[in-house]
Amino acid sequence: MSGFEANLAKMGVTLPEAPAPAANYVPYVLSGNLLHVSGQISATADGFTTGKVGSDLSVDEGAAAAKTCAIALLAQVKAACGGDLDRLVRVVKLNGFVNSTPEFGDQPKVINGASDFLAEALGEAGRHARSAVSAGSLPFGVAVEIDGVFEIK
(Lines give C-alpha, C1' and ligand atoms only; values in the text may rest on other atoms or scores of the structure.)
Protein backbone atom coordinates (compact mmCIF):
# COMPACT_ATOMS: atom_id res chain seq x y z
CA MET A 1 0.00 0.00 0.00
CA SER A 2 1.36 3.40 -0.97
CA GLY A 3 2.12 6.11 1.57
CA PHE A 4 -0.85 8.16 0.39
CA GLU A 5 -3.12 5.13 0.49
CA ALA A 6 -1.91 4.22 3.97
CA ASN A 7 -2.89 7.71 5.10
CA LEU A 8 -6.27 7.34 3.40
CA ALA A 9 -6.76 4.01 5.21
CA LYS A 10 -6.05 5.74 8.54
CA MET A 11 -8.83 8.17 7.57
CA GLY A 12 -11.16 5.23 6.86
CA VAL A 13 -11.11 5.81 3.08
CA THR A 14 -10.52 3.11 0.48
CA LEU A 15 -10.31 4.33 -3.10
CA PRO A 16 -12.94 2.73 -5.34
CA GLU A 17 -12.31 1.60 -8.89
CA ALA A 18 -12.03 4.66 -11.12
CA PRO A 19 -15.50 5.55 -12.44
CA ALA A 20 -16.10 5.01 -16.15
CA PRO A 21 -16.91 8.05 -18.31
CA ALA A 22 -20.62 8.81 -18.64
CA ALA A 23 -20.41 10.11 -22.22
CA ASN A 24 -18.01 10.55 -25.15
CA TYR A 25 -14.79 11.55 -23.38
CA VAL A 26 -11.83 9.94 -21.66
CA PRO A 27 -11.47 9.94 -17.86
CA TYR A 28 -8.06 11.61 -17.96
CA VAL A 29 -5.37 12.91 -20.30
CA LEU A 30 -1.67 12.96 -19.48
CA SER A 31 0.31 15.81 -21.05
CA GLY A 32 3.93 15.82 -19.93
CA ASN A 33 3.81 15.46 -16.17
CA LEU A 34 0.35 17.06 -15.86
CA LEU A 35 -2.63 14.76 -15.53
CA HIS A 36 -5.96 16.37 -16.44
CA VAL A 37 -8.83 14.44 -14.86
CA SER A 38 -12.34 14.86 -16.25
CA GLY A 39 -15.14 16.04 -14.00
CA GLN A 40 -16.10 13.60 -11.27
CA ILE A 41 -19.64 13.81 -9.96
CA SER A 42 -20.92 13.43 -6.43
CA ALA A 43 -21.76 9.81 -5.72
CA THR A 44 -21.48 7.18 -3.03
CA ALA A 45 -21.81 3.41 -3.22
CA ASP A 46 -25.58 4.01 -2.88
CA GLY A 47 -25.79 6.19 -5.98
CA PHE A 48 -25.61 9.83 -7.02
CA THR A 49 -25.84 12.63 -4.48
CA THR A 50 -28.43 14.86 -6.11
CA GLY A 51 -30.18 18.14 -5.44
CA LYS A 52 -29.57 21.85 -5.27
CA VAL A 53 -27.45 23.25 -2.48
CA GLY A 54 -29.41 26.08 -0.90
CA SER A 55 -32.78 24.36 -1.19
CA ASP A 56 -32.47 20.55 -1.17
CA LEU A 57 -29.07 20.29 0.52
CA SER A 58 -27.24 22.21 3.24
CA VAL A 59 -23.71 23.52 2.92
CA ASP A 60 -22.47 20.58 5.00
CA GLU A 61 -24.28 18.08 2.77
CA GLY A 62 -22.81 19.80 -0.27
CA ALA A 63 -19.33 19.63 1.26
CA ALA A 64 -19.80 15.90 1.87
CA ALA A 65 -20.78 15.54 -1.79
CA ALA A 66 -17.64 17.45 -2.81
CA LYS A 67 -15.53 15.04 -0.75
CA THR A 68 -16.92 12.12 -2.77
CA CYS A 69 -15.80 13.93 -5.93
CA ALA A 70 -12.29 14.26 -4.50
CA ILE A 71 -12.20 10.54 -3.71
CA ALA A 72 -13.23 9.77 -7.30
CA LEU A 73 -10.53 12.16 -8.58
CA LEU A 74 -7.89 10.27 -6.59
CA ALA A 75 -9.23 6.98 -7.95
CA GLN A 76 -8.69 8.34 -11.47
CA VAL A 77 -5.18 9.51 -10.57
CA LYS A 78 -4.36 6.05 -9.20
CA ALA A 79 -5.65 4.42 -12.40
CA ALA A 80 -3.63 6.82 -14.56
CA CYS A 81 -0.53 6.00 -12.49
CA GLY A 82 -0.86 2.27 -13.06
CA GLY A 83 -2.14 1.68 -9.53
CA ASP A 84 0.73 3.56 -7.82
CA LEU A 85 -0.77 6.60 -6.10
CA ASP A 86 2.68 7.55 -4.80
CA ARG A 87 3.49 8.79 -8.32
CA LEU A 88 1.32 11.78 -7.40
CA VAL A 89 3.50 14.84 -6.76
CA ARG A 90 0.74 17.34 -6.02
CA VAL A 91 -2.76 18.52 -6.73
CA VAL A 92 -2.31 21.56 -8.97
CA LYS A 93 -5.85 22.89 -9.56
CA LEU A 94 -9.47 21.98 -8.93
CA ASN A 95 -12.51 23.41 -10.69
CA GLY A 96 -15.59 22.92 -8.55
CA PHE A 97 -19.16 23.28 -9.79
CA VAL A 98 -22.03 23.45 -7.30
CA ASN A 99 -25.62 22.82 -8.37
CA SER A 100 -27.10 25.64 -6.34
CA THR A 101 -30.00 28.03 -6.16
CA PRO A 102 -29.55 31.48 -7.75
CA GLU A 103 -29.28 33.22 -4.37
CA PHE A 104 -26.80 30.74 -2.86
CA GLY A 105 -23.33 32.25 -2.43
CA ASP A 106 -21.35 29.76 -0.37
CA GLN A 107 -19.90 27.68 -3.21
CA PRO A 108 -16.38 27.99 -1.70
CA LYS A 109 -17.62 26.39 1.55
CA VAL A 110 -19.07 23.49 -0.44
CA ILE A 111 -15.88 22.89 -2.44
CA ASN A 112 -13.93 23.05 0.84
CA GLY A 113 -15.26 19.51 1.32
CA ALA A 114 -12.88 18.41 -1.44
CA SER A 115 -10.04 20.80 -0.59
CA ASP A 116 -10.01 19.97 3.12
CA PHE A 117 -10.08 16.24 2.37
CA LEU A 118 -7.19 16.44 -0.10
CA ALA A 119 -5.07 18.52 2.29
CA GLU A 120 -5.69 16.04 5.11
CA ALA A 121 -5.09 12.97 2.95
CA LEU A 122 -2.08 14.22 1.00
CA GLY A 123 -0.52 16.87 3.23
CA GLU A 124 1.29 19.64 1.38
CA ALA A 125 0.85 17.73 -1.90
CA GLY A 126 -2.90 18.17 -1.52
CA ARG A 127 -2.86 21.97 -1.34
CA HIS A 128 -3.98 23.48 -4.64
CA ALA A 129 -5.34 26.41 -6.59
CA ARG A 130 -9.05 26.20 -7.36
CA SER A 131 -12.28 27.71 -8.58
CA ALA A 132 -15.69 27.26 -6.95
CA VAL A 133 -18.66 28.34 -9.04
CA SER A 134 -22.41 27.93 -9.18
CA ALA A 135 -24.15 25.89 -11.84
CA GLY A 136 -27.84 26.05 -12.67
CA SER A 137 -27.83 22.27 -13.09
CA LEU A 138 -25.33 19.43 -13.40
CA PRO A 139 -25.43 16.02 -15.13
CA PHE A 140 -27.93 13.57 -13.62
CA GLY A 141 -29.02 16.30 -11.18
CA VAL A 142 -25.91 15.78 -9.02
CA ALA A 143 -25.03 18.32 -6.36
CA VAL A 144 -21.34 18.75 -7.21
CA GLU A 145 -18.89 18.10 -10.05
CA ILE A 146 -15.14 18.66 -9.77
CA ASP A 147 -12.34 18.29 -12.32
CA GLY A 148 -8.67 18.60 -11.58
CA VAL A 149 -5.09 18.92 -12.73
CA PHE A 150 -2.45 16.82 -10.99
CA GLU A 151 1.33 16.68 -11.27
CA ILE A 152 2.69 13.14 -11.43
CA LYS A 153 6.11 11.54 -11.81
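**Exercise 1. In which helix does Glu-5 lie, and is Glu-5 buried or exposed?**

The structure is a predicted model, in which local features need pLDDT of at least 70, side-chain atom pairs count only at pLDDT 80 or more, and totals for chains, interfaces and linings use all residues. Residues are numbered from 1 along each chain as its sequence is written, and side-chain values use heavy atoms, with hydrogens and water left out.

*Solution.*
Step 1. Glu-5 lies in helix H1; helices (H or I, at least four residues) and strands (E, at least two) are DSSP runs, numbered from the N terminus.
Step 2. The relative accessible area of Glu-5 is 15%. Buried means under 20%, exposed over 50% and partly exposed in between, with a 1.4 Å probe and protein chains only. Glu-5 is therefore buried.
Step 3. Leaving aside residues up to four places away in sequence, Glu-5 touches Leu-15, Lys-78, Gly-83 and Leu-85, where contact means heavy atoms within 4.5 Å.

**Exercise 2. Describe helix H3: its span, its kink and its packing.**

*Solution.*
Step 1. H3 covers residues 107-122, which is 16 residues. The expected span of a helix is 1.5 Å times one less than its number of residues. For H3 this expectation is 22 Å, and the distance from the first C-alpha to the last is close to it, at 23 Å.
Step 2. A kink of about 35° is centred on Gly-113; the bend at a residue is the angle between axes fitted to the seven residues ending there and the seven starting there.
Step 3. The buried residues of H3 include Val-110, Ile-111, Ala-114, Phe-117, Leu-118 and Ala-121. An α-helix has 3.6 residues a turn, so residues three or four places apart point the same way.
Step 4. The partners of the buried residues of H3 are helices H1 (3-10) and H2 (59-80), together with strands S5 (88-99), S6 (129-135) and S7 (144-152).
Step 5. Just after H3, Gly-123 has a positive phi of about 65°.

**Exercise 3. Which element gives the most to the lining of the largest pocket?**

*Solution.*
Step 1. The lining of the largest pocket consists of 23 residues, and those nearest its centre are Pro-19, Gln-40, Ile-41, Ala-43 and Phe-48.
Step 2. At least two lining residues come from each of strand S2 (34-41), strand S3 (43-44) and H2.
Step 3. H2 gives the most, with four residues.

*On the term.* On a 1 Å grid over the protein atoms alone, a pocket is an open set of points where a 1.4 Å probe fits, with protein on both sides within 12 Å along at least five of seven lines; lining residues have an atom within 4 Å of a point.
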